[in-house]
Amino acid sequence: MKSDTWFLYVLRCGDNTLYAGVTTDIDRRLNEHNGSSKGARYTKSRRPVKLVCWTTFDDRSTAQKAEYKFKRLTRKQKELIIEKEVF
């Protein structure tokens, strides 16, 4: 999924916690989280991780603002978004 489009993605970690990030290439980033030293420190000890939802943005700034808002939600609110696949 490499493109000029920015993605906000959410992963479910092996310990059932959630991790959110932004990228232009979801497949590469998922591989990094699951088996590379380039994965986030948070996910390294919580492997395997699974992609549970994502949404697209036209630019990095907008994606990062959405990530910030998502991270401020309660766990229950995040789970509802994931369940309905609506950001």
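**Exercise 1. Find out whether Glu-67 is buried or exposed, then find its salt-bridge partner.**

Solution. 
Step 1. Glu-67 has 13% relative accessibility, so it counts as buried. Buried means under 20% relative accessible area, exposed means over 50%, and partly exposed lies in between (1.4 Å probe, protein chains only).
Step 2. This is a predicted model: local features need pLDDT of at least 70, side-chain atom pairs count only at pLDDT 80 or more, and totals for chains, interfaces and linings use all residues. Residues are numbered from 1 along each chain as its sequence is written, and side-chain values use heavy atoms, with hydrogens and water left out.
Step 3. The partner of Glu-67 is Lys-71, and their closest N and O atoms are 3.0 Å apart. A salt bridge is a side-chain nitrogen of Lys or Arg within 4 Å of a carboxyl oxygen of Asp or Glu.
Step 4. Helices (H or I, at least four residues) and strands (E, at least two) are DSSP runs, numbered from the N terminus.
Step 5. Check the partner. Lys-71 is partly exposed, at a relative accessible area of 39%.

**Exercise 2. Trace the salt-bridge network that contains Glu-79.**

Solution. 
Step 1. Start with the total: the whole structure has six salt bridges.
Step 2. Take Glu-79 and Arg-12. They form a salt bridge, with the closest N and O atoms 3.0 Å apart. This pair links distant parts of the chain: Glu-79 is in helix α4 and Arg-12 in strand β1, 67 residues apart.
Step 3. Take Arg-75 and Glu-79. Their side chains meet in a salt bridge of 2.9 Å, N to O. They are four residues apart in helix α4, so about one helical turn separates them.
Step 4. Join the pieces. Shared partners bring Arg-12, Arg-75 and Glu-79 into one network.
Step 5. Glu-79 is partly exposed at 23%, and Arg-75 is partly exposed at 38%.

**Exercise 3. Describe the surroundings of Arg-12.**

Solution. 
Step 1. Locate Arg-12: it belongs to strand β1.
Step 2. List contacts, meaning heavy atoms within 4.5 Å. Beyond four places in sequence, Arg-12 touches residues including Thr-17, Pro-48, Val-49 and Ile-82.
Step 3. Look for polar contacts. Such a contact is a pair of N or O atoms within 3.5 Å; within protein, one must be able to donate a hydrogen and the other to accept it, and residues adjacent in sequence count only if both atoms are side-chain atoms. The Arg-12 side chain makes one with the side chain of Asn-16, at 3.1 Å.
Step 4. Compare sequence with space. Arg-12 and Thr-43 are 31 residues apart in sequence and 9.5 Å apart in space, C-alpha to C-alpha.

**Exercise 4. Which residues have the most contacts inside the largest nonpolar core?**

Solution. 
Step 1. Know the term. A nonpolar core is a set of buried Ala, Val, Leu, Ile, Met, Phe, Trp, Tyr and Cys residues joined through side-chain atoms within 4.5 Å.
Step 2. Name the residues. The largest core has 14 residues, and Leu-8, Val-10, Phe-57 and Ile-82 have the most contacts inside it.
Step 3. Name the elements. Two or more residues come from each of β1 (2-12), β2 (18-25), β3 (50-57), α3 (60-71) and α4 (75-84).
Step 4. Separate the other core. Apart from the largest one lies a core of six residues, among them Tyr-9, Leu-11, Cys-13 and Val-49.
Step 5. In soluble globular proteins, nonpolar side chains tend to be buried together.

**Exercise 5. How many disulfides are there?**

Solution. 
Step 1. Set the cut-off: a disulfide is a pair of cysteine sulfur atoms within 2.5 Å.
Step 2. Count. The search of the whole structure finds zero.
Step 3. Check Cys-13. Its nearest cysteine sulfur, that of Cys-53, is 13 Å away.
Step 4. Check burial. Cys-13 is buried at 4% relative accessibility, and Cys-53 is buried at 4%.

**Exercise 6. Find a cis peptide bond and a positive phi.**

Solution. 
Step 1. Recall the background. Most residues other than glycine have a negative phi, and most peptide bonds are trans.
Step 2. Find the cis bond. It joins Arg-47 and Pro-48, with omega about 0°. Pro-48 lies in the loop between α2 (41-44) and β3.
Step 3. Find the positive phi. Asn-16 has a phi near 70°. Asn-16 lies in the loop between β1 and β2, and it is partly exposed at 42%.
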